[in-house]
Amino acid sequence: MVWAVALALLACVLAFVPLFDTLGFELAFAMAIAASFASADLGATFVRRVRDAGGTVERSPGRLVLVMFLRAAAINLALLVPPLILISLNAVRVRTCAWGDGLLFYALLPGLSSMWATGVGMFAALCAGRHRKLSNALPHIILIALVVIALWRFYSAPPVFSYSPLAGYFPGNLYDEQIDLASPFFWARAHAGAWLLCTLAAVAALLDPATL
């Protein structure tokens, strides 16, 4: 509920910020970063709650990790619905021209970032075991490290654009009204998804389903 309110409040604030006040790329970019931190935190929380409840009767670690991921990801994707509704209602006061493009950006940026971050949170909580403080902090440490790496690459490399599993895509000039998601974006998303699949598979290979 805390994260749901936080994301909804963020949408309300962005509704009064130029460029971010309509359903488009800029809003999706900001929501993707916020949703990543929310989803990573809740992904870890989901694992802790299953563990605190006494584990599970599921004997297959691979199936267990998959089921936990799908359930946690569904919850986190649901958190993106209220901000979408609020920013859509903002069209009453701010003209929105390309609804289709806006929905596509919203699905491919915060939608996919939320699912990726859910897996990161689960990975962190499973690795932390019963160390609750580490389980709380590790998802955020991982995401902050990725933000720092992305900022450093943006600063040190010639290209002005950047691909990130958190935000999805940063085109450099946010004032360019024509922003297209080309094949490099989808390859970057596939690359991030492949890394997540490998890490969760590695965790599943070492996991005791009875105790998580």
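This is a predicted model: local features need pLDDT of at least 70, side-chain atom pairs count only at pLDDT 80 or more; totals for chains, interfaces and linings use all residues.
Residues are numbered from 1 along each chain as the sequence is written. Local features need pLDDT of at least 70, side-chain atom pairs count only at pLDDT 80 or more, and totals for chains, interfaces and linings use all residues, while side-chain values use heavy atoms, without hydrogens and water.

Start with the largest pocket. Its volume is about 660 Å³. A pocket here is an open set of points on a 1 Å grid over the protein atoms alone, where a 1.4 Å probe fits, with protein on both sides within 12 Å along at least five of seven lines. Lining residues have an atom within 4 Å of a point. The volume is the space filled by probe spheres set on the points, which are joined across faces, edges and corners.

The lining of this pocket counts 24 residues. Nearest its centre lie L146, R153, Y163, S164 and P165. Four elements each supply at least two lining residues: α5 (99-128), α6 (132-156), β1 (162-164) and α7 (183-205). Helices (H or I, at least four residues) and strands (E, at least two) are DSSP runs, numbered from the N terminus. Helix α7 gives the most, with seven residues. By type, the lining has 17 nonpolar, five polar and two charged residues. Nonpolar covers Ala, Val, Leu, Ile, Met, Phe, Trp, Tyr, Cys and Pro; charged covers Asp, Glu, Lys and Arg; the others, Gly among them, are polar.

Helix α7 also holds R189. This residue is buried, at 11% relative accessible area. Buried means under 20%, exposed over 50%, and partly exposed in between, with a 1.4 Å probe and protein chains only. Beyond its neighbours within four places in sequence, R189 contacts L108, L109, L112, S113, S164, P165, A167 and G168. Contact means heavy atoms within 4.5 Å.

Next come the nonpolar cores. Such a core is a set of buried Ala, Val, Leu, Ile, Met, Phe, Trp, Tyr and Cys residues joined through side-chain atoms within 4.5 Å. The largest has 26 residues, and M68, W116 and L212 touch the most other members. To this core α2, α3 (61-78), α5 and α7 each supply at least two residues. A second, separate core has 16 residues, including L7, A15, L23 and A38.

W116 touches L143, L146, P165, L166, A192 and L196, not counting residues up to four places away in sequence. L212 lies in the segment after α7. L212 is buried, at 9% relative accessible area. Its phi is near 55°, a positive value in a residue other than glycine.

The loop between α1 (2-14) and α2 holds L19. Phi of L19 is near 75°, also positive in a residue other than glycine. L19 is partly exposed, at 34% relative accessibility. A15 lies in the loop between α1 and α2, and is buried at 7%. Leaving aside neighbours within four places, A15 contacts D21, I87, N90 and R93.

Last comes charge pairing. Side chains of opposite charge can pair when their charged atoms come close. The structure holds one salt bridge, meaning a side-chain nitrogen of Lys or Arg within 4 Å of a carboxyl oxygen of Asp or Glu. R132 pairs with D52, their closest N and O atoms 2.6 Å apart. The two sit 80 residues apart, R132 in helix α6 and D52 in helix α2 (residues 25-52). R132 is partly exposed, at 42% relative accessibility.
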